[in-house]
Amino acid sequence: MDTARELQFGPGLRVQRLAEAAFLVAAIFTQDIRFAWVTFAFTLLQVLSPRWALVAQAVARFARFRGPHRIGDMYFDLGGSRGACALSVVVQATCLALVEAGLPLAGFVLLTVPTASFLIAPTLGFCAGCWFYVLGRDWCSRHGWLKGSFHDHHDIAVDGEEPRHQPALRPSTQR
């Protein structure tokens, strides 16, 4: 199994985000913070390595990607995924700290932010964490705090024609 390809084009990350959202929704509606700790652990693992998306890995084993990719497919970007998860960990840690400090209303209200992002990412294809990560990275680069360069980027053909220099983007049946 080509893990990177399955994570790039397969349904694994969508299911991962929905599982994380489900735990946060359960935490909000039951007012039981233990559910939020599960999502926190999932997200923290992805900060360490974006390939440590445990639910996505399990889904990738059973639901393989078949067929050509479409513009609406979620793409697995190591930097973007890690940065989004790092921002989410900060927000979730703040929420957990607020609840533990005796401010459950503030903690659970703030917990709706990563919950909404985890629900929007697989359904609409917009990841708020990725957007904030890219915005922050570009801001730091413009101010000279970060060296601006592209690492691990790939050209994705949108018009249906595959670039000849990237045969890995085509399913094996089309090679």
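The legends below describe close-up views of a predicted model.

**View 1**
The protein has 7 helices and 0 strands. Read in order along the sequence, its pattern is α-α-α-α-α-α-α. The protein counts 175 residues, and 37% of them are buried. Take the contacts between residues at least 6 apart in sequence: 71% of these join residues at least 24 apart.

The average pLDDT of the protein is 81. A score of at least 70 is reached by 77% of the residues. Which helix has the highest confidence, and which the lowest? Helix α3 is highest, at a mean of 96. Helix α1, residues 3-9, is lowest, at a mean of 72. Residues 151-155 stay under 50 in pLDDT. For that stretch the model has 8 contacts beyond four places in sequence.

Helix α3 covers residues 33-48, which makes 16 residues. From first C-alpha to last, α3 reaches 23 Å. That is close to the 22 Å expected at 1.5 Å a residue. Seven names make up the buried set of α3: Ile33, Ala36, Thr39, Phe40, Phe42, Thr43 and Gln46. Why do the buried residues of α3 line one face of the helix? Seen down the axis, they fall within an arc of 165 degrees, so they line one face. The face turned away from that buried side carries Arg34 and Leu48, both exposed.

**View 1. Helix α4 is covered by other helices.**
Helix α4 runs over residues 54-62. Buried in α4 are Val55, Ala56, Gln57, Val59 and Ala60. What covers these buried residues? The cover includes α1, α2 and α3.

**View 2. Gly10 sits in a loop and is buried.**
Gly10 belongs to the loop between α1 and α2, where α2 spans 12-30. Is Gly10 buried or exposed? Gly10 has a relative accessibility of 6%, so it counts as buried, the limit being under 20%. Leaving aside residues up to four places away in sequence, Gly10 touches Arg5 and Phe65. Gly10 and Ala60 lie 50 residues apart in sequence. In space, their C-alpha atoms are 6.8 Å apart. Ala60 is one of the buried residues of helix α4.

Ala84 is part of helix α5, residues 78-100. At 10% relative accessibility, Ala84 is buried. Which residues does Ala84 touch, not counting those up to four places away in sequence? They are Cys127, Gly129, Cys130 and Tyr133. Tyr133 is 49 residues from Ala84 along the chain. Yet the C-alpha atoms of Ala84 and Tyr133 are separated by 5.9 Å.

**View 3. Cys127 and Cys130 form no disulfide.**
A disulfide is a covalent bond between the sulfur atoms of two cysteines. A search of the whole structure gives 0 disulfides. For Cys127, the nearest cysteine sulfur is that of Cys130, 3.2 Å away. For Cys130, the nearest is that of Cys127, at 3.2 Å. Why does this pair not count as a disulfide? The cut-off is within 2.5 Å, and the sulfur atoms are 3.2 Å apart, so Cys127 is in no disulfide. Cys130 is partly exposed, with a relative accessible area of 25%. Both cysteines are among the residues that Ala84 touches.

**View 4. Trp131 and Phe132 pair edge-to-face.**
The structure holds 4 aromatic pairs. One of them joins Trp131 and Phe132. Their ring centres are 4.9 Å apart, with 75 degrees between the planes. That angle is over 60 degrees, so the pair counts as edge-to-face. Trp131 is partly exposed, at 44% relative accessibility. Phe132 is partly exposed as well, at 48%.

**View 5. Trp139 and Trp145 form another edge-to-face pair.**
Trp139 and Trp145 make an aromatic pair. The rings are 4.9 Å apart, centre to centre. Their planes are 75 degrees apart, and the pair is edge-to-face. Trp139 is partly exposed, at 39% relative accessibility. Trp145 is exposed, at 59%.

How values were computed: Residues numbered from 1 in each chain as written. Predicted model: local features only at pLDDT ≥ 70, side-chain atom pairs only at ≥ 80, totals over all residues. Heavy atoms only, no water. Phe/Tyr/Trp six-rings, centres within 6.5 Å; stacked < 30°, edge-to-face > 60°. Buried < 20%, exposed > 50% of the residue type's maximum accessible area, 1.4 Å probe, protein only. Helix = DSSP H or I, 4+ residues; strand = E, 2+ residues; numbered from the N terminus. Expected span 1.5 Å × (residues − 1). Arc of directions from axis to C-beta. Contact = heavy atoms within 4.5 Å. pLDDT = per-residue confidence, 0-100.
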